Amino acid sequence: MGNELKEEWTLTAPGIHGELVPMRDLSREEVDFCIVGAGAGGGVLGAKLAEAGFSVVILDAGSHWNPVKDFVSDELESRKLFWMDERITGGDDPIELGSNNSGRGVGGSTVHYSMVAMRAHPDDFRRRTLEGEIAGAEIRDWPLTFADLEPYYEEVEEALQIAGPTRYPWGRRRKRYPQREHELNASAQVLVRGCTKLGISVAPAPIATLSAPHKDRPPCVYRGFCNYGCTTNAKSSTLVTYIPRAIRAGAEVRADSMAAQISTDERGHASGVLYFRKDSRELFRQHAKAVVVAGYAVETPRLLLNSASSLFPHGLANSSGLVGKCFMVHSGHQVFAKFHDRINQYKAPPPGGALTEHFNRTMREADFVCGYTIEVVGPHPVDFASRLATARKLWGAQLRRTMLDYNYYSGIGIVGEILPQQKNMVKLHDTERDEYGLPVPHILFGYHENDQRIIQHAIAKMKEIMEAAGGEDVWSADRTAHLLGTCRMGSDPSDSVINADCRAHDVPNLYICDGSVFPTSTAVNPSLTIQAIAARTADRLIK
Amino acid sequence: MAMSESQEFRTRYPGYNVLDKWSSPDWDDQTREVVRHRLEDVPPVRFFTEHEARTLAAICERIVPQPDRDEALKIPIVPWIDEKLYEYKRDGYRYEELPPQRETWRLGLMGIDETSRALFDGKPFVELEPLSQDVVLHHMERGNAPGAVWEKMPASRFFKSVLSIMIVKIYYAHPRAWNEIGYAGPSSPRGHVRKWEGGRDPWEAHEEETDRVEQRGSRRL
């Protein structure tokens with residue numbers, strides 16, 4: 001890179017070892033791409049576009065974390081990593097948000113995710129063809145196939161240096177993971193023992209945490225605080241992988257910038273993003289030739305709906321009326337049991353030590369379609385005690401006594417497929433406004449009968465597994481994970497928001513690139529698929 | 001034979017104090033600062049009225065009773081809930097049947113007194129015997145608590161998703177709670193090595209029996 005170029009590099013951003021790195025200032029330019037959201041989708045897309053020579057600004061509502069200084073080994077203090085602004089949750093089965101599923105800050109939810117790096121399967125992209133019409137649900141085939149994404153899964157797995165088993169037993173044959181699998185922790189040993197006794201196939205999980213040194217990052221030391229930010233940089237969040245690449249390639253990552261609206265010109269093309277800087281009520285404008293929304297399945301539809309104008313009275317890119325519709329999560333129900341040997345479930349990585357996709361398929365004998373993955377969980381005391389209080393309704397002396405055995409409990413949980421339904425949605429709240437005066441999101445969610453049957457089946461199976469492993473005092477807790485849908489991709493503009501290249505049908509220079517594009521939820525953790533889609537979208541834009 | 005109250009919560013880890021690791025490679029500066037603040041900077045009550053604070057303290061003593069601790073050693077809970085409301089720290093979501101959080105807490109504490117008065121001869125919650133206080137809380141939990149407040153705001157939602165969970169979270173975020181359950185606590189940068197079933201790193205909590213063996217056999221780490 002020439003020195004004359006470096007002269008524009010007047011900003012600095014936190015590097016991953018506590019240092020400051022130089023960063024370009026693009027605030028006065030009309031950039032090629034303004035990306036809203038520096039998480040799984042925005043980070044990958046931003047890095048690839050910048051490396052291809054485009055000028056890129058990535059806005060994020062939260063902080064640009066310095067992983068070695070800002071992350072703490074404490075559950076309550078880590079609330080700062082999560083989206084804590086007001087959101088209203090309702091419907092028949094209202095979901096928990098905040099620390100359950102919503103990241104905030106550069107790196108997005110990959111800063112606190114469980115790192116389980118699974119591919120979706122060929123069947124996941126053609127559920128409508130395979131399952132047909134199901135009353136009450138709006139199942140759609142994806143406009144992408146597994147073959148379209150396969151090279152991008154591989155690309156992202158390489159970039160994140162996924163550590164996984166030599167032979168992964170489910171799905172298409174694949175080449176070896178870039179890094180060797182992690183040693184099983186106690187909770188994973190429990191899952192493996194239970195499954196093995198029952199003849200259920202099980203394997204170490206592929207996870208986005210280093211098992212060997214890679215470049216300037218060390219292998220995992222099993223702190224177990226994966227869901228609260230990794231202080232050693234072993235975790236391959238976008239914060240320490242794609243974001244540094246983006247900055248090095250000349251992108252500007254502008255933290256503490258809350259997008260309020262996408263502006264459009266008289267032709268109905270996106271012209272930039274209006275945003276608030278932290279602690280200011282002044283509206284700033286970033287001019288851009290193209291805009292990418294990558295704010296995850298609540299903030300993305302919210303921004304599009306908040307961008308309504310005379311040309312787009314129902315919100316931007318919403319001629320189909322589908323922006324915000326078919327909101328999905330995963331059922332994330334958990335089962336815990338007490339064991340004879342000490343488990344110390346906080347030691348980890350608790351999430352994703354081992355998993356089974358044995359039930360991730362439509363089973364001929366079952367009374368439901370689709371399925372679920374079972375994974376290991378490892379809540380720390382605040383989280384575990386909360387589950388005891390809400391799911392088991394324990395309080396008083398009984399709660400304190402049960403918690404005395406905290407170290408002897410082990411847990412597993414599912415990623416269960418949820419069918420898309422029109423009535424599950426993210427909309428703008430009628431009256432409530434946030435600190436900037438923007439309408440807050442109002443989220444409605446309720447399970448489909450098929451979802452309920454998956455959950456019942458999964459809880460029964462998980463209890464069997466825990467009992468087969470020698471567990472006593474077996475109990476379950478309800479939970480959801482991930483935020484998906486609300487801007488689904490498809491080939492028919494009247495039945496989807498974006499096309500297979502993530503371009504909005506209604507606005508030729510507007511793209512959506514995050515979990516909101518999923519037409520169906522799949523029964524695997526979504527981050528790798530989000531990142532593969534982002535990597536593919538970047539290639540489509542570069543061509 | 002009834003156990004005495006002090007034995008009721010007998011820990012498996014009597015010699016364990018997570019704070020002994022303060023200067024060890026398990027604690028980094030930022031975590032030390034967070035825990036120091038939690039231990040030393042217990043805030044004054046600024047949001048709740050005196051009666052509200054006394055009511056909430058009585059509720060806390062039923063949700064996570066601490067009869068085994070002297071007053072000075074009880075894990076403080078009311079001040080942190082008060083601070084959250086005073087500083088308007090949000091949770092990232094609110095159930096649609098609940099008003100904004102300050103109003104929810106004020107209404108909720110008012111509702112508890114309404115229920116208490118309706119069930120126990122006009123007495124407010126703080127004047128009830130502990131077992132009667134539990135009856136009030138059980139009514140709320142089941143959603144059949146009498147009181148005008150609960151017609152506006154579902155008692156069971158308030159009890160489950162706001163009141164009890166907040167108390168439980170604050171209790172189990174305190175080092176004294178970590179001690180009694182043998183939680184290793186902060187672990188940066190050292191992390192853990194012996195991850196397998198029954199495995200225990202020297203810097204993790206010892207159990208009583210293990211301790212006895214080790215005192216005989218080897219140096220206690």
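Modeller: Helices here are DSSP runs of H or I with at least four residues, strands are E runs of at least two, and both are numbered from the N terminus. Keep in mind that this is a predicted model. With that in hand, the elements of chain B run α-α-α-α-β-α-α-α-α-α-α from the N terminus on.

Biologist: How many helices and strands does that make in chain B?

Modeller: Ten helices and one strand. The C-alpha trace of chain B spans about 65 × 45 × 30 Å along its principal axes.

Biologist: What share of chain B is buried, and what makes a residue count as buried?

Modeller: A residue is buried if 20 or more other C-beta atoms lie within 10 Å of its own. By that rule, buried residues make up 39% of the 221 residues in chain B.

Biologist: Why is H8(B) called largely enclosed?

Modeller: Count its residues: 15 of the 17 in H8(B) are buried, so the rest of the structure largely encloses this helix.

Biologist: How do you know how its length compares with what is expected for H8 of chain B?

Modeller: The expected span is 1.5 Å times one less than the number of residues. H8 covers residues 155-171 of chain B, and its 17 residues give an expected 24 Å; from first C-alpha to last it reaches 22 Å, which is close.

Biologist: And where is the kink in H8(B) centred?

Modeller: On Ile165(B), with a kink of about 35 degrees. The angle is taken between axes fitted to the seven residues ending there and the seven starting there.

Biologist: What makes H5 and H6 of chain B a packed pair?

Modeller: Their axes lie 10 Å apart, at an angle of about 115 degrees, and the crossing is right-handed. H5(B) brings Ile112(B), Thr115(B), Ser116(B) and Leu119(B) to the contact, while H6(B) brings Val135(B), Val136(B), His139(B) and Met140(B). Sorted by class, that contact has five nonpolar, three polar and no charged residues.

Biologist: How many residues do chains A and B bring into contact with each other?

Modeller: Two residues are in contact if their C-beta atoms lie within 7 Å. On that basis, 56 residues of chain A touch 49 of chain B.

Biologist: Which element gives the most on the chain A side?

Modeller: H9(A), with six residues. That side of chain A has 24 nonpolar, 16 polar and 16 charged residues.

Note on methods: Residues are numbered from 1 along each chain as its sequence is written. Chains are lettered from A and ligands numbered from 1 in the order in which they are written. This is a predicted model: local features need pLDDT of at least 70, side-chain atom pairs count only at pLDDT 80 or more; totals for chains, interfaces and linings use all residues. A residue is buried if 20 or more other C-beta atoms lie within 10 Å of its own, exposed if 12 or fewer, and partly exposed in between; C-beta atoms are placed from the backbone. Axes are lines fitted to C-alpha atoms, for helices over the stretch in contact, and angles run from 0 to 180 degrees between N-to-C directions. A crossing is left-handed if the near helix is turned anticlockwise from the far one by less than a right angle, and right-handed if clockwise. Ala, Val, Leu, Ile, Met, Phe, Trp, Tyr, Cys and Pro count as nonpolar, Asp, Glu, Lys and Arg as charged, and the others, Gly among them, as polar.
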